[in-house]
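Please take a moment to look over the sequence and the fold before reading on.

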Amino acid sequence: MSIKVENARKQFGDFVALDDVSLEVRDGSLTALLGPSGSGKSTLLRVIAGLEAPDAGRVLISGEDMTQVPVQNRNVGFCFQHYAAFKHMTVRDNVAFGLQIRKRPKEEIAERVHELLELVQLEGWVDRYPSQLSGGQRQRMALARALAVEPKVLLLDEPFGALDARVRMELRQWLRRLHDEVHVTTIFVTHDQEEAMDVAEQIVVMNEGAVEQAGRPTDLYDHPATEFVMSFVGTANRIGSLLVRPHDVQLAHVPSSTSEEAMIDRIVRLGFEVRVEMTLGDGNPLIAQLTRSQVDELELADGQIVYVLPSRARVFDENGSEPRTEELALA
């Protein structure tokens, strides 16, 4: 089911959580709301779910205005960061809960619960209690419970935020596979740029209650509309007025008319890639992303003085916004 938010505004006292936010999510897609704490992403998710009423604006699901429709009538599945599991219920009963309160036939409930637990790979854990599950298993149980009532829309608020890095990586891969199977329109909130770029088909970058840019991960990374987007989606170095991606930084031992001097602080080998951490002459930090062969060829070492030359950079106007953005080919 498609989702459309039109000019949504939400204020809590003097704090403007959403400031004239508009958003479109196509049917069956997987969209990430990405931004720092306080950017409005969770508030936007709650407005779509019906857990918060906007002060102005509309929410449409499949073209139908749902702004005044109570949350229980929106057919939306919602999954919180901390699972909100019923501790006294088994995995089977947690997943079945939504169907039971809708008074579905017992045979239908049993069949649906079995199908979902198989889908989330918990069929061998049906009689366990939440305290007997790992964090990843509890999160999969929570997602199965949200899917049990066959929602039009699945909304996930920081679904993997409470998990360690390895489990988050596994669940991100699992969520993509799950989405490919169930095809329910899904929106998830995250502050983790890597998570958003790994999972989502569309990323909506939010900042201070507004949408900075929405688009495919590659579009946001390669063609950021604002300085904030470039700095938040991926790593960006500042060299004077330029913003430069680490993989667009070239290093040399001989200065040129356009190069900047820097000192190598640390060389971090990350498998095939190598991260070279430096300090520029003005004291600003700089990161270059090189291959092992490049580092070996240059014979780089901690404490060396090198000369930095961006192969590509971006310049934004004084407001950090798009109209005066241009690409610079410097090498």
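How many bridges join strand S4 to S5, and do these strands run parallel or antiparallel? The model, which is a predicted one, shows two bridges between strand S4, made of residues 56-61, and S5, and these strands run antiparallel. Within this pairing, Ile61 is the residue that stands opposite Glu64 of S5. The two strands belong to an open sheet of four strands, arranged in the order S2-S1-S4-S5 with antiparallel pairing. Because strand S2 (15-25) and strand S5 (64-65) stand at the edges and have a single partner strand each, one side of each is left without a neighbour in the sheet. Across S2, S4 and strand S1 (3-12) lies helix H1, residues 41-49, which runs at about 60° to S2.

A parallel pairing can be found at strand S6, residues 76-79, which is joined to S7 by four bridges. In this pair, Cys79 stands opposite Leu156 of S7.

Val95 belongs to helix H2, residues 91-101, where Val91, Asn94, Val95, Ala96, Gly98 and Leu99 are buried. The buried residues of H2 pack against H3 and H4. If residues up to four places away in sequence are not counted, Val95 touches Val113, Leu116, Leu117, Met141, Ala144, Arg145 and Ala148. Just after H2, Lys103 takes a positive phi of about 55°.

Helix H4 also contains Gln137. Is this residue buried or exposed? Gln137 counts as buried because its relative accessibility is 11%, and the limit for being buried is under 20%. A polar atom of the Gln137 side chain lies 2.9 Å from the backbone nitrogen of Ser134. When neighbours within four places in sequence are left aside, Gln137 is in contact with Leu122 and Trp125.

The buried residues of H5 are Val167, Leu171, Arg172, Trp174, Leu175, Leu178 and His179. In general, an α-helix has 3.6 residues a turn, so residues three or four places apart point the same way. The buried residues of H5 pack against several elements, among them strand S3 (30-34), helix H3 (106-119), helix H4 (135-147) and strand S8 (185-190). Just after H5, His183 takes a positive phi of about 55°.

Finally, we can follow the chain to strand S16, residues 285-291, in which Thr291 lies. Leaving aside neighbours within four places in sequence, Thr291 is in contact with Phe272 and Val274. The C-alpha atoms of Thr291 and Ile239 are separated by 22 Å, and these residues are 52 residues apart along the chain.

Terms used. Residues numbered from 1 in each chain as written. Predicted model: local features only at pLDDT ≥ 70, side-chain atom pairs only at ≥ 80, totals over all residues. Heavy atoms only, no water. Buried < 20%, exposed > 50% of the residue type's maximum accessible area, 1.4 Å probe, protein only. Contact = heavy atoms within 4.5 Å. Pairing = 2+ DSSP bridges. Axes fitted to C-alpha atoms, helices over the stretch in contact; angles between N-to-C directions. Polar contact = N/O pair within 3.5 Å; in protein donor to acceptor, adjacent residues only side chain to side chain.
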